[in-house]
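Trainee: Could you walk me through this structure, one question at a time?

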Amino acid sequence: MSEKKKKLTTASGIPYAKHEDSMTVGPRGPILLQDYVLHEKMAHFNRERIPERVVHAKGTGAFGVFRVTHDISRYTRAKLFSKAGNECPVFVRFSTVGGEKGSADTERDPRGFAIKFYTEDGNWDLVGNNTPVFFIKDPKKFSDFIHTQKRNPKTNLKDAAMFWDFLSLNPESMHQVMILFSDRGTPYSYRNMNGYGSHTFSMINDKNERVWVKFHVKTKQGIKNFTGPEADEMKGKDPDWAQGDLVKTIEKGDFPLWTMKIQVMTEKQASEFKWNPFDLTKVWPHSDFPLIDVGEMELNKIPENYFRDVEQAAFAPSHVVDGIGYSFDKMLQGRLLSYPDAHRYRLGANYEQIPVNRPLNKPSNYERDGYMRVDDNGGDSPNYHPNSFDNIEADQSYKEPPLKMESDVADWYDRNENDDDHYTQPGILFEKVMTEQERKNTVNNIVGHMKGIGGPKREEIIRRQLGHFLKTSEKLGKAVAEGLGVNL
Ligand code: NDP
């Protein structure tokens, strides 16, 4: 028995006969205005592109599952973490940061590592990177910083002078610079890298007690990186290398795994911590704040449609569920605003109704209407609160405990010296954590990139940056200077 064929239809479901030939006056004559199918095809094609993400444009994603393996309910009342054995579906998007949607996967860049946990209490998004720190600690600098990763306004070329000019004028970037120019700046694949929530978050337990928390997502495939030259070679050979790697391995049933761990700091420990615990350019040393096991994540399904699920995926650090909260991390506070704002621009005010962004539970609130409202829009229920008709309550059990703050409101330029210590942690990374081979590669990667600095300010920029390298580690500064042929 032959399968019944589907009819070709317009978007409004009207079957039509001719898909390839336009309606004309005679076989050689002009096209008729009334060929609606032609208009629909052309008009829809013209509207296929939505704005590219300003950052993290090139990405790939997969669905999977998160399993709680250890009980952390002493720290959090999040329902997901109420007991070991709990599970929830996840969607993960990996990405590079600075390049356009068509840029190469093996560019030297941090990698985005964004996880959407579809929990019974709504969606929790852990929107991190493969690095535990970031280049800057204040969101007011973000657009300037990103501009330096983009193209020169005149030449439309990537410009090492812009990049190092900004970094050398912002030494808080040093920690992330060291990680970026180590071979971790060019991961072999998305499967072979860790993810970090990076920011400090909070957890609140059922006694309404708060602790500060960092999230770590560790690859079970092992860390594997390209060296600088290997990554450069792969840019030309297969610019979509990491996308291909994820698709191919998952489709053959080799599902990548990560473990989730947390570090926990009490409010008292935070007040005594040497550095600012909310500073995104610093980590919490493992020896002081050991990793605590939480769970395991497996990715096991490539979306059947890339645009539907990956291009329209919208993650926001503002999406936290009860039992997990924000912190004073300035970068986190900036992202609470900027991520949903970006989604409203790219996808519209109703972006959370797009299937990949929809929570498992049905949202109930008084937001109505707007472009592309495609759910029941609240049906005939009241569109205001309080009202005498519906049965929706603001549940007081979701209230967070108060947090005491005593400080003056000001533009705080002066911080204590430990807050502005940009060099100790990257120095430890270079001198104590890296192997001799990693140190060599890091120096070569830095030298190779800085050699690209051109223009009238070349020497000034190089000397300023060398000053920061020397403060991080004398060995590092001298090796970079030697590589660049600069006499110190
Ligand atoms: P530890 O020796 O306990 O931890 C060192 C960490 O460094 C490990 O997590 C390791 O990751 C990671 N690492 C190794 N090589 C690199 C690299 N090239 N780039 C980035 N990370 C790397 O020491 P501490 O906790 O006292 O931290 C020492 C330094 O390690 C920090 O100053 C920081 O630069 C770096 N680091 C610290 C992290 C933290 O959260 N404490 C997290 C990541 C880096 P892995 O487990 O994959 O081997």
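Mentor: Happy to! Before you ask, note that this is a predicted model, where local features need pLDDT of at least 70 and side-chain atom pairs count only at pLDDT 80 or more, while totals for chains, interfaces and linings use all residues. Residues are numbered from 1 along each chain as its sequence is written, and side-chain values use heavy atoms, with hydrogens and water left out.

Trainee: What distance separates the centres of domain 1 and domain 2?

Mentor: The chain is divided into domain 1 (1-48) and domain 2 (59-134 + 188-356), with bounds from an automatic or database domain assignment. Taken over C-alpha atoms, the separation of their centres is 44 Å.

Trainee: At roughly what angle do the axes of α2 and α3 cross?

Mentor: Helices here are DSSP runs (H or I, at least four residues) and strands are too (E, at least two), numbered from the N terminus. Axes are lines fitted to C-alpha atoms, for helices over the stretch in contact, and angles run from 0 to 180 degrees between N-to-C directions. The axes of α2 (residues 142-149) and α3 (residues 160-169) come within 7 Å, and they cross at roughly 145 degrees.

Trainee: Which residues of α3 do the α2 residues meet?

Mentor: Contact means heavy atoms within 4.5 Å. From α2, the partners are D144, F145, H147, T148 and Q149, and in α3 they meet M162, F163, F166 and L167.

Trainee: Which residue has a backbone N or O atom 3.1 Å from an oxygen atom of the ligand?

Mentor: Polar contacts are pairs of N or O atoms within 3.5 Å. The side chain of N194 has an N or O atom 3.1 Å from a ligand oxygen, and a polar backbone atom of W284 is 3.0 Å from a ligand nitrogen. The backbone atom you ask about belongs to Q425.

Trainee: Where does P386 lie?

Mentor: The peptide bond from H385 to P386 is cis, with omega near 0 degrees. P386 sits in the loop between α9 (330-347) and α10.

Key: A polar contact is a pair of N or O atoms within 3.5 Å; within protein, one must be able to donate a hydrogen and the other to accept it, and residues adjacent in sequence count only if both atoms are side-chain atoms.
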